[in-house]
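Trainee: I am new to this one and would like to know how the terms are decided. Could you walk me through it?

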Amino acid sequence: MAKDALIVVDVQNDFCPGGALGVDGGHEIVPIINKLMQRFDRVVLTQDWHTPGHSSFASSHPGKAPFETVMMPYGEQVLWPDHCIQGSSGAEFHPDLVWTKAELVIRKGFHPHIDSYSTFYENDRKTPTGLAGYLRERGITNVTFAGLATDYCVAYSALDAIAHGFTAEVLLDACRGIDLGGSLAAMTAKMRKAGVVLV
Ligand code: VGL
Ligand code: ZN
């Protein structure tokens with residue numbers, strides 16, 4: 001029998017309206033996720049957790065604006081407004097998120113020179129966060145995703161879950177997307193093709 005975990009991705013102030021990288025309707029998923037957490041026996045949260053001056057920030061690249069791209073040693077990287085800086089109020093979980101039940105908080109994006117969308121691997125696709133080992137050791141075989149943003153951290157995480165041999169589903173009602181240059185449609189198609197169950 002499948003053993004399930006709910007992974008709540010980056011429900012942080014900076015990804016909600018009014019935040020540094022606010023996702024439209026980001027706050028609307030908070031009550032939905034609060035209910036979901038009660039239904040799952042195992043809940044993991046992820047938290048985007050960048051160093052000040054992180055290399056994924058446009059402000060770290062003179063002449064570059066947010067949402068432009070640069071080449072990093074590991075490939076193309078979108079540049080973001082400064083967001084989710086370690087210890088800042090923007091990096092805190094949304095104040096209405098009831099996350100008492102979470103058994104693990106996975107932080108990501110804390111290496112100054114590598115961004116991390118996926119909660120399994122950083123954007124160099126080589127540096128693991130340790131989540132796969134944690135899930136395996138606990139006998140978890142199916143992971144369900146909710147959170148922000150659908151087309152970045154949620155999608156990359158769901159694709160990596162499949163790559164690691166877990167079954168994965170994304171609860172679209174409990175996610176909101178950034179949608180940069182068609183990224184929402186592109187990543188949704190990619191997830192479907194990889195075998196992620198989109199609910
Ligand atoms: C995210 C862009 C930059 C996300 C994090 O949580 O989807 N997107 N950092
Ligand atoms: Zn980030």
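**Salt bridges and a zinc site**

Mentor: Let's start with a network: salt bridges link Asp10, Asp48 and Lys108. The model is predicted, with local features needing pLDDT of at least 70 and side-chain atom pairs counting only at pLDDT 80 or more, while totals for chains, interfaces and linings use all residues. Residues are numbered from 1 along each chain as its sequence is written, chains are lettered from A and ligands numbered from 1 in the order in which they are written, and side-chain values use heavy atoms, leaving out hydrogens and water.

Trainee: What makes the contact between Lys108 and Asp10 a salt bridge?

Mentor: A salt bridge needs a side-chain nitrogen of Lys or Arg within 4 Å of a carboxyl oxygen of Asp or Glu. Between Lys108 and Asp10 the N to O distance is 2.8 Å, so the pair qualifies. Lys108 lies in strand β5 and Asp10 in the loop between β1 (4-9) and α1 (29-39), 98 residues apart. Strands here are DSSP runs of E with at least two residues, and helices are runs of H or I with at least four, numbered from the N terminus.

Trainee: How many salt bridges does a search of the whole structure find?

Mentor: The search finds 5. Another one of them joins Asp160 and Arg125, whose closest N and O atoms are 2.6 Å apart. Asp160 sits in helix α3 (residues 150-163), and Arg125 in the loop between β5 and α2.

Trainee: Why is Asp160 called buried, and why does Arg125 count as partly exposed?

Mentor: Buried means under 20% relative accessible area, exposed over 50%, and partly exposed in between, using a 1.4 Å probe and protein chains only. Asp160 has 6%, so Asp160 is buried. Arg125 has 39%, and therefore counts as partly exposed.

Trainee: Which residues are the protein donors of the zinc ion (ligand 2)?

Mentor: They are Asp48 (OD), His50 (NE2) and His83 (NE2), at 2.0 to 2.2 Å from the zinc ion. Donors are N, O and S atoms within 2.8 Å of the metal (3.2 Å for Na, K and Ca); water is not among the atoms, so sites may look incomplete. Asp48 is buried at 3% relative accessibility, and His83 is buried at 3% too.

Trainee: Why is the site of the zinc ion (ligand 2) called irregular?

Mentor: Four donors are tetrahedral if all angles lie between 85 and 135 degrees; four are square planar, and six octahedral, if opposite donors are over 155 degrees apart and all others between 65 and 115; anything else is irregular. The angles among the 4 donor atoms run from 88 to 167 degrees, and the site is classed as irregular.
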